[in-house]
Amino acid sequence: MQWEIVIGLEVHAQLSTGSKIFCGASTAFGAEPNTQADAVSLALPGVLPVLNRGAVERAIRFGLATGAHIAPRSVFARKNYFYPDLPKGYQISQFDLPVVGNGQLVIQVPAQDKSPAYEKVVRLTRAHLEEDAGKSLHEDFHGMTGIDLNRAGTPLLEIVSEPDMRSAAEAVAYAKALHSLVRWIGICDGNMQEGSFRCDANVSVRRPGAPLGTRREIKNLNSFRFLEQAINYEAQWQIDTLVNGGAIHQATVLFDPDKGETRMMRSKEEAHDYRYFPDPDLLPLEISEEWKAQVRATLPELPQAKQARYVGELGLSAYDASILTASREMADFFETALNPSPTLPLSGEGAVPTPLMTRGGREGFAGIEAKLCANWLIGEVSAQLNRDGLDMAQCPITGQQLGGMLQRISDGTISNSGAKEVFRTMWAEGGETDAIIESKGLKQVSDSGAIEALVDEIIAANSDKVAEYRSGKDKLFGFFVGLAMKASKGKANPAQLNEVLKRKLAG
Amino acid sequence: MINASIKQLSAALAAKTISSVELTQLYLERIARLNPGLNAYITLNPEVSLAQARAADARIAAGQADTLTGIPLAQKDIFCAKGWLTTCGSKMLHNFVSPYDAHVIEQFNRAGAVNLGKTNMDEFAMGSSNETSHYGPVKNPWDTARVPGGSSGGTAAAVAARLCAAATGTDTGGSIRQPAALCGISGLKPTYGVVSRYGMIAFASSLDQAGPMARGAEDLALLLNTMAGFDERDSTSLQRDKEDYARDLAKPLDGLRIGLPKEFFAEGMGSDVAQTVGTAIAEYKKLGASVVEVSLPNSKLSVPVYYVLAPAEASSNLSRFDGVRYGYRAPEYGDLADMYEKSRAQGFGAEVKRRIMIGTYVLSHGYYDAYYLQAQKIRRLIAQDFTEAFRQCDVIMGPTAPSTAFELGEKGDDPVQMYLSDIYTIAVNLAGLPGMSIPCGFGAANMPVGLQIIGNYFDEARMLNAAHQYQLATDWHSRAPNGI
């Protein structure tokens, strides 16, 4: 019998403001405990919150980027509960009137096993502003608990999806798309180790077509891998429970990454009554059309639009386009590599440059083929980053450097194998393509006379093999290529060499 | 000197007839002598007060004096003042020395005023008799067997007993006006948002408002000039041009239209209060005012509405007092929950706990709509009543409290009777309007009666004008209790 897994995610994205959401204390990560806890963070008697406009602006950016409704008027509410790292005894959040509602996010679910990659739209229920709590430190205090309020009051955007995901893979694809988007629009640094991007997953199972099952919420998943493991474990646990005649009760659970299991944190009966009510210390948040327009004017081109353009104008596959737009660094790198010297004339001397993407062509100014550029980025560059444990922002070579090399591939100066050598050198030691080609002698031989002479020599010296080839042993072609390449010290232009070899071997 | 107005004191300081140090010593000496019998102050810090006085004298000598420079004032113990014990009348904060100044304190410091001490109050401003203070009840200087009113009872008693030139109070449901009435002084609760709440320990944030308490309206105007003004640290502080609240004091009252709400003069008011207030209204007519009856039909609901909304906000505002970071923590406890329970059970008094429980209840899942939301709706109706009434009149007048000061312990075991002490004042807070109380005579047992003046939004200058003109024609505000 079939089971359907139903998943909705709640993501807490820490907004990249320099100061906290309701006071001027710094939000920098990693400071000595309580050095960023001012009177408001400590909730001293008499202090009051003042809303940080930068946090609101980031919420607006998010709303605009997801085609959401941005509420002209939203309300901050108090969520009341006691915990030592919650200094006021309530968290300022938004409840029935959130700042952002009804958005959507298009996600690319990668191919898996036998199923191909596909695109899916995930609806966003809402996104609201709230403050983070501090941290309880249970080590180093000899049986007591230490409280660090540096994080208390850090601005968060809680982004709530509809229960639209149907597998852990979809949930991960959604989380990754969201992670990419918040970084893309510059509202969150996305650092998951530092807790800047945290996921809660609501998971239920049902028979296809049946009403939604009872959900359990898995709290605080701080990596995509844990998100996937936790959902898969939880869904299987729920299915097993139901198959064995049990029932699912609404609960909050925690994922133990060491055991790979979820375990109960509290049941619905134990859930807090948060006694939400509008915070009388804060006025309703009003966002004017003017403010929205100002923010809209500063938004970068969004990944969706870029993807469409890469497919439509550059002729890339949807898959390549989605990878190239997985992060803004990647897309920026790609566009720079494709157009390494933007002042290069379009054609002829002194031609007026027009922006790359409006040309409608499939090549950059430098005559670099978009597909070649995409292949290098998705292939060599990504693989090398992976091997070195770096992300795109830490890439040791620039888009200009890669573009310079691609130009030399495109104009036939170097072969692919020569390019790999250039790339390795550039990665390890830096430097520009032309200088590396020069110093390593990688310039390929495209002089047809020289190649013909070289091929003639090989044919003359291997008459027996030539005979075999001519009698139908086609496989020997590679043998001749190898000899010719060796003789040219790898510098022969492979396309030219192939053409000459084929012609001369044919007799 | 102790009966001089602030304007007179300021002139004397400028003329060097007296120094701020001498004036401060005069008050400190009076406090040392009279406060033990009144319990008006919780904290004194004579060295700090005198240091401020010396600084004020230097400023006066340098010709840089402000109106309040060198004037000895008292501060309700609800305002955080740097280096001062700030208890809010609670055991919960018995050891809390504030590391920062409230906006109001900053403003007085900037003006060069002297802080004589922190005045006693009902615990977390919850009370109408000053009997809920952890530091013991304040006695009414007119009769020490009676309460001074509350919650700003310490301030009211200190002003009435001439233990300061003037002082601050806060008013959530009548906490400036009712004790002013019961102690025979003047007090003003400004329009909500006129005085920043930053550093004022919150009771019910949407109702709390600080204001001055003094013997006369002119003093109130001068204090308000210093206290009022936009403060970006309080989001509910109003961004308005600075105004001089004393600008209209001298205006004659010809043509002033006084609205008398028929609901305020119905049942519930003591006959002595009714008679005294009636005489005051008659005096206003003599001064050129006309009288019109107005109606505030929803004001009868203000006490129940208030006792939903104020405790709801308070239950949340007081959550920060958990024994974790500052204030009282139970000496012995088991786990975390036990620490919270014991610290709060021991640190809060009975009235505070009662209101936290009411507030927690009305905000609970399943009750919120029936209580909190319903109360918010009625709150709007109450405000609309005033808007309607102010179409017919310039100010509204009536009694401040239904009776004169009652005896200590008289209403101690009947919270509802106690809550009804604020029946005429609460609606003003719910509407966010300015209200004041001025002394207008004496009732039973020769205890003071207060006349309440309610103005339209931002009409403080007009109210102060009406009060001042009355005080030029009468001398109730100049009377002093026996032995003072």
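The secondary structure of chain B comes to 15 helices and eleven strands, where helices (H or I, at least four residues) and strands (E, at least two) are DSSP runs numbered from the N terminus. This is a predicted model, in which local features need pLDDT of at least 70 and side-chain atom pairs count only at pLDDT 80 or more, while totals for chains, interfaces and linings use all residues. Residues are numbered from 1 along each chain as its sequence is written, and chains are lettered from A and ligands numbered from 1 in the order in which they are written.

**Chain B as a whole**

- Chain B has a radius of gyration of 21 Å, which agrees with the value near 23 Å that a compact globule of 484 residues would have; the radius is taken over C-alpha atoms, and the globule rule is 2.2 Å times the number of residues to the power 0.38.
- The C-alpha trace of chain B spans about 65 × 55 × 45 Å along its principal axes.
- Of the 484 residues in chain B, 61% are buried; a residue is buried if 20 or more other C-beta atoms lie within 10 Å of its own, exposed if 12 or fewer, and partly exposed in between, with C-beta atoms placed from the backbone.
- Strand S7 (residues 257-261) of chain B runs parallel to strand S8 (residues 290-294) of chain B, and five bridges join them; two strands pair if DSSP finds at least two bridges between them.
- In this pairing B:Gly259 stands opposite B:Val292 in S8(B).
- The chain passes from S7(B) through helix H8 (residues 271-286) of chain B to S8(B) in a right-handed β-α-β crossover, meaning that, with the strands pointing away from the viewer, the path from the first strand over the helix to the second runs clockwise.

**Chain A as a whole**

- Chain A has 15 helices and 16 strands in its secondary structure.
- Its radius of gyration is 29 Å, well over the 23 Å that the globule rule gives for 507 residues, so chain A is more spread out than a compact globule.
- The C-alpha trace of chain A spans about 95 × 60 × 50 Å along its principal axes, and buried residues make up 42% of its 507 residues.
- Chain A is divided into domain 1 (4-273), domain 2 (300-440) and domain 3 (448-505), with bounds that come from an automatic or database domain assignment.
- The C-alpha centres of domain 1 and domain 3 of chain A lie 63 Å apart.

- Three strands of chain A form an open, antiparallel sheet in the order S5-S4-S15.
- Strand S5 (90-94) and strand S15 (277-278) of chain A stand at the edges with a single partner strand each, so one side of each is left without a neighbour in the sheet.
- Two bridges join strand S4 (residues 76-80) of chain A to S15(A), and A:Ala77 has A:Pro278 as its bridge partner in S15(A).
- A:Arg78 lies in strand S4 of chain A and is buried, with 25 other C-beta atoms within 10 Å.
- Not counting residues up to four places away in sequence, A:Arg78 touches residues including A:Tyr90, A:Phe277 and B:Ser316; two residues are in contact if their C-beta atoms, placed from the backbone, lie within 7 Å.

**Where the chains meet**

- 35 residues of chain B are in contact with 25 residues of chain A.
- Helix H9 (302-317) and helix H10 (336-347) of chain B each supply at least two residues of the side that touches chain A, and H9(B) gives the most, with three residues.
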